[in-house]
Amino acid sequence: MTSHDARLRDTCALVTGAARGIGAATAELFHAHGATVYLCDVDDDLGNSVAAKLGARAHYRHLDVTDAADWSRVTAEMADRGHPLRILVNSAGAASKASIMDTSLAELRRMIDLNLVGTFLGLQAAGAAMTAGGSVVNLSSLRGVLATAELGAYGASKFGVRALTRVAALEFAEKNIRVNAVCPGSIDTAITAGAGFADDDMDAYVKSIPMQRRGLPLEVAKAILFLAGEESSYVTGTDLMIDGGSSAGARTPKLSSS
Ligand SMILES: NC(=O)c1ccc[n+]([C@@H]2O[C@H](COP(=O)([O-])OP(=O)(O)OC[C@H]3O[C@@H](n4cnc5c(N)ncnc54)[C@H](O)[C@@H]3O)[C@@H](O)[C@H]2O)c1
């Protein structure tokens with residue numbers, strides 16, 4: 001990449017959930033585009049190793065997104081070090097799968113706390129720290145757009161992320177802070193190693209995707225880069241689907257040839 005192509009030169013970004021998956025791919029892409037990146041996660045070993053591989057301009061910090069004090073500590077440190085927050089990507093999250101009747105209250109609360117409260121605290125931190133304007137990208141999901149059986153707790157958190165995204169866009173516009181969401185379909189990461197996904201028929205699921213494949217973390221990161229940077233300077237309060245066509249509508253069933 002030439003310096004001319006570096007879209008985030010002289011910009012400071014904080015990416016949560018940056019130890020792996022979509023967050024790690026986003027941090028790496030931002031870094032390649034010249035940003036100073038604070039990679040934040042609760043998996044300190046993995047997060048440190050991702051940051052170490054990137055080298056200069058990459059800093060790992062422990063930040064539990066559900067902990068307001070962690071947000072204050074890291075954003076204050078960024079300001080102190082001359083790295084004021086300009087881009088925030090709220091990628092930390094987890095998924096779990098169970099019917100409403102089989103979802104414990106503790107599990108519902110865990111999903112809401114991590115995926116929704118974590119995003120809320122990130123928005124509050126951005127609203128306070130982005131004194132010169134900025135851009136926030138939240139990770140919602142296809143499951144935050146299309147209700148999906150057995151993804152009640154996860155879906156509720158991700159529908160909520162879209163609501164918070166739009167409200168924040170309205171409230172932060174006068175601060176010159178844009179707020180958008182991406183809604184990935186099935187992306188090939190470790191997130192489905194979580195509770196409830198072991199019995200899924202992945203082949204059948206992939207056949208239901210119009211593009212007939214799962215997405216890659218980098219394909220989401222590229223969309224996040226667009227929303228984070230100047231190329232989307234008049235875009236706020238929107239959701240960008242990154243789902244291989246899954247939310248576009250239904251395909252016509254083929255008649256059996258027999
Ligand atoms: N992978 C998909 O198919 C998919 C689809 C739609 C939306 N998403 C969303 O994208 C985001 C990233 O998902 P992924 O697939 O990269 O998942 P992942 O499981 O690979 O990565 C999630 C990261 O979040 C971190 N994390 C967990 N709890 C945390 C906390 N309290 N504070 C800080 N970090 C924490 C984990 O340590 C991990 O590094 C999530 O919000 C997820 O809901 C993923």
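Biologist: Where is Asp10 found?

Modeller: Asp10 is in the segment before β1 (12-16). Strands here are DSSP runs of E of at least two residues, and helices are runs of H or I of at least four, numbered from the N terminus.

Biologist: Before we go on, what are the ground rules?

Modeller: This is a predicted model, in which local features need pLDDT of at least 70 and side-chain atom pairs count only at pLDDT 80 or more, while totals for chains, interfaces and linings use all residues. Residues are numbered from 1 along each chain as its sequence is written, and side-chain values use heavy atoms, with hydrogens and water left out.

Biologist: Back to Asp10. Buried or exposed?

Modeller: Asp10 is exposed, at a relative accessible area of 76%. Exposed means over 50%, buried under 20%, partly exposed in between, with a 1.4 Å probe and protein chains only. Its phi is positive, near 65 degrees, and Asp10 is not a glycine.

Biologist: Switching to the ligand. Which residues are closest?

Modeller: Arg20, Ile22, Asp41, Tyr154 and Thr189 are the closest of the 26 residues that surround the ligand. A residue counts if one of its heavy atoms lies within 4 Å.

Biologist: How do those 26 divide by type?

Modeller: The shell has 13 nonpolar, 9 polar and 4 charged residues. Ala, Val, Leu, Ile, Met, Phe, Trp, Tyr, Cys and Pro count as nonpolar, Asp, Glu, Lys and Arg as charged, and the others, Gly among them, as polar.

Biologist: Which atoms of Ile22 and Thr189 lie by ligand oxygens?

Modeller: For Ile22, a backbone N or O atom lies 2.8 Å from a ligand oxygen. For Thr189, a side-chain N or O atom is 2.5 Å from a ligand oxygen.

Biologist: And how much of the ligand does the protein bury?

Modeller: The protein buries 92% of the 830 Å² that the ligand exposes when taken alone. Those areas come from the Shrake-Rupley method with a 1.4 Å probe.

Biologist: Which elements give two or more residues to the shell?

Modeller: α1 (21-32) and α5 (152-172).

Biologist: Last one. Where is Leu88?

Modeller: In strand β4 (residues 87-90). Leu88 is buried, at 0%. Its C-alpha is 8.5 Å from that of Leu123, 35 residues apart along the chain.

Key. A polar contact is a pair of N or O atoms within 3.5 Å; within protein, one must be able to donate a hydrogen and the other to accept it, and residues adjacent in sequence count only if both atoms are side-chain atoms.
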